[in-house]
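Here is a friendly note to read alongside the structure. Keep the 3D view open and look up each residue as it comes up.

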Amino acid sequence: MKKTAIFLASLLLCAAAVTVIGQKKTLSPKEERREVREKRRAERVANFEKTMDSIVLSRNFQFNPQTMQRQPAGPMRQIMNPEFNVGVWDGTIDICLPYIKGYVPPYHVTVLNYTVNGVTGYVTEQTHEGWMVTFTTSLFSASNYTFTFEIFSRTGGATLTITNPWYSPVQYNGTITQLY
């Protein structure tokens with residue numbers, strides 16, 4: 001009986017040791033090897049790029065401006081209003097942006113607030129940094145407005161330039177997000 005108890009105790013001790021050794025210890029970032037951390041970050045960056053590419057190709061995205069500037073050398077203005085954006089989905093462009101009118105001083109800020117169902121020349125072109133998306137619309141006026149997005153897939157940032165034959169180009173910097 002004594003031998004059986006010792007045998008069972010040692011068997012139980014071995015099972016506990018195997019369980020503890022078999023469990024994978026979660027390492028803190030300080031304990032992980034540098035290569036492992038770098039590989040994990042590279043995978044996250046690659047996944048983000050794929051997501052950005054998918055959003056642009058689906059024609060289902062929103063541009064959220066953070067700054068605007070009249071070209072070629074106007075003052076940089078911050079855009080704090082979260083209601084300003086350009087939404088692209090199902091062939092529809094939803095535009096709500098501040099815009100600087102005038103070719104010579106005095107310039108004045110107005111708001112482009114339109115929903116456009118038909119745009120001409122919608123082109124998506126892949127570049128070495130991401131995508132170039134261009135389209136033209138009249139915005140229900142006598143002249144055409146050309147919207148050119150330069151989208152950076154790795155960072156999620158974008159530059160929008162709006163050109164019109166009557167006014168100086170206006171450039172916006174911001175981010176691209178998926179439109180739900």
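**Notes on rings, core and charges**

1. Let's begin with one ring. Phe61 has a relative accessibility of 0%, so this residue counts as buried. Please keep in mind throughout that the model is a predicted one.

2. Which ring does Phe61 pair with, and in what arrangement? The partner is Phe149: the two ring centres are 5.8 Å apart and the planes meet at 90°, so the pair is edge-to-face.

3. The structure holds eight aromatic pairs. Ring pairs join Phe61, Phe63, Tyr122, Phe135, Phe147 and Phe149 into a cluster. As you look at them, remember that a pair of aromatic rings is described by the distance of the centres and the angle of the planes.

4. Next comes the nonpolar core. The largest one has 33 residues, and the members that touch the most others are Ile95, Ile151, Leu160, Ile162 and Tyr172. Strand β4 (residues 92–101) gives the most to this core, with six residues.

5. Where does Thr136 sit? Thr136 is in strand β7, which covers residues 130–137. With a relative accessible area of 18%, Thr136 is buried, the cut-off being under 20%. Not counting residues up to four places away in sequence, Thr136 touches Val119, Thr120, Asn144, Tyr145 and Thr146.

6. In α2, Met52, Ile55 and Val56 are buried. The buried residues of the helix pack against β1, β6, β7, β8 and β10 (167–178). Just after α2, Arg59 takes a positive phi of about 55°.

7. Let's turn to charges. Side chains of opposite charge can pair when their charged atoms come close. How many salt bridges does a search of the whole structure find? The search finds four. One of them joins the side chains of Glu35 and Arg34, at 3.1 Å from N to O. Arg34 also meets Glu38 in a salt bridge, again given as 3.1 Å, N to O. Arg34 and Glu38 are separated by about one helical turn because they are four residues apart in helix α2 (residues 34–57). Arg33, Arg34, Glu35 and Glu38 are linked in a network of salt bridges.

8. How accessible are the members of that network? Glu35 is partly exposed, with a relative accessible area of 37%. Arg34 counts as partly exposed at 45% relative accessibility, and Glu38 counts as partly exposed at 35%.

9. Another salt bridge connects the side chains of Glu49 and Arg154, at 2.9 Å from N to O. Glu49 lies in helix α2 and Arg154 in the loop between β8 and β9 (157–164), so the pair ties together parts that are 105 residues apart in sequence. Glu49 counts as partly exposed at 21% relative accessibility, whereas Arg154 is exposed, with a relative accessible area of 58%.

10. The charged end of Arg70 sits over the ring of Tyr107, 3.8 Å from the ring's centre.

Note on methods. Residues numbered from 1 in each chain as written. Predicted model: local features only at pLDDT ≥ 70, side-chain atom pairs only at ≥ 80, totals over all residues. Heavy atoms only, no water. Helix = DSSP H or I, 4+ residues; strand = E, 2+ residues; numbered from the N terminus. Buried < 20%, exposed > 50% of the residue type's maximum accessible area, 1.4 Å probe, protein only. Contact = heavy atoms within 4.5 Å. Core = buried A, V, L, I, M, F, W, Y, C linked by side-chain atoms within 4.5 Å. Phe/Tyr/Trp six-rings, centres within 6.5 Å; stacked < 30°, edge-to-face > 60°. Lys NZ or Arg CZ within 6 Å of the ring centre and 35° of its normal.
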